[in-house]
Amino acid sequence: MTAARVAVTALLAISAALLLGSCTNGDSAATARDIDSSIAASEAMILSIRDSVRGVSEAERARRTRDALAVHAPDSLDACSIPIQAQEVTRHTTGVFTIELPADFRMTLDGDIDRREKHYQYGQYEFTGSDGSRVFIDAANNDEGHSGWTGSISSECDLEIGARRVHLDVANATISTQDRIVHAHIPLSPRLALRFVAHARSRQRQAELLSAVHSLRVRPAWGEKD
Amino acid sequence: MQRSPFFLGAVLAIAVAVVFFMVYGRITRPDVPLQVSATVENFAPGVAIGTSVKASKTKLGDVRWIQHLGFVGVLDRHDFALIRLAPAAYARHKVYGDDRALVESVELVSLTGDAISTTMVDLGIVFRASPKDGCIIPGTDDMPYRRVQYWTTPSDRGGVAIVTDWTFTPSTSTAGVNVWSMIAWAGPFKGSETLLAKFDPRSCLAITGA
């Protein structure tokens, strides 16, 4: 009698488990943010088709697609990810660091020439790409990880690059134009850190510059007095 | 009062039968309802929901990856000019497309207005029901309100929607060319998440008042 009860109970339990299993969805629920991005991309695609039918100019079509994707699709780059590097990169070597940037980036402010390190023990560097994207590298206080730049942070990550602890942020500086931020904060001494701030003019560029951060290596000369 | 062994045996037998048919049903049930898979196969031969993007995209031309959306390609069919293969959300938002991901939904875009009525009739026969009505709210001024007429299977395991313009805006006028879509999916209907558009279960008439 007891054995029969146990058997019936077990079978009912299995049935309940199966019923519950059939009610759950294996897919992880998409976030509202992800859905918004998909909606914007979908509308951009439909608009693009309509424009091609109407014969709208290439420039107008590009503007609409860009606006729809830039303004309504938030950054989806994951700061912890390492996007694929730009197809062609150039290694820049200064007195205090080396970094690989997309090949069209040119140094527009040389911290070595600036010689600010005489006073502050570090230089300020700037690189500018062909599309106007810019990379700034200078020093910041260790407790200023989220100051000295603006942007709505969409993703953060703490990781190690070249055996150094790095805090990374991916952000949008504005929703009206393409100004996508990649920020890295690398503590180097008890009080000072190296700061990397990139203003990317496209999402692709932002991915390239997030990848570039992973090539950043600080040389021993950083922080030494002249 | 003691119950007879026969009674206990009958209970056990029924329970075993219930469990067996539940397990059997789950194992043998196709992931994609026949109404949905047959519709996709009919309008886009070689494309299938629930299979890898890689397998389906071989039937398409000029396939491109659009982040947040999926793989978009050209379909060599008169009724539909373009096709979108949407993988599951985790794969859809990657910077680079992964064609090993499974196709979760398919959107066919048509520039041929004449085909709407025949497609609606076909879908009515396949699903043996009248469509439900909803509306897509435009995300930008450039887009019109769009009517959604959709069918789902009785147990909501998948469905097909026809999306057509409801309002007219100069910026979306296509000078006589009717741009409309057919979207097919597997799994329960989740409104905006399924259609990748701002879905409202009310009709466009109720929303716009015109």
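Modeller: Helices (H or I, at least four residues) and strands (E, at least two) are DSSP runs, numbered from the N terminus. This is a predicted model, in which local features need pLDDT of at least 70, side-chain atom pairs count only at pLDDT 80 or more, and totals for chains, interfaces and linings use all residues. Residues are numbered from 1 along each chain as its sequence is written, while chains are lettered from A and ligands numbered from 1 in the order in which they are written.

Biologist: How many helices and strands does chain B have?

Modeller: Chain B has seven helices and nine strands.

Biologist: Which residues other than glycine have a positive phi here?

Modeller: Most residues other than glycine have a negative phi. Leu196(B) has a positive phi near 55°, and lies in the loop between helix H6 (192-195) and strand E9 (199-200) of chain B. Arg128(B), also not a glycine, has a positive phi of about 55°; its place is the loop between H5 and strand E5 (132-136) of chain B.

Biologist: Is each of these two buried or exposed, and why?

Modeller: A residue is buried if 20 or more other C-beta atoms, placed from the backbone, lie within 10 Å of its own, exposed if 12 or fewer, and partly exposed in between. Leu196(B) counts as buried because it has 27 C-beta neighbours inside 10 Å. Arg128(B) counts as exposed because it has 9 inside 10 Å.

Biologist: What share of chain B is buried?

Modeller: Of the 210 residues in chain B, 37% are buried.
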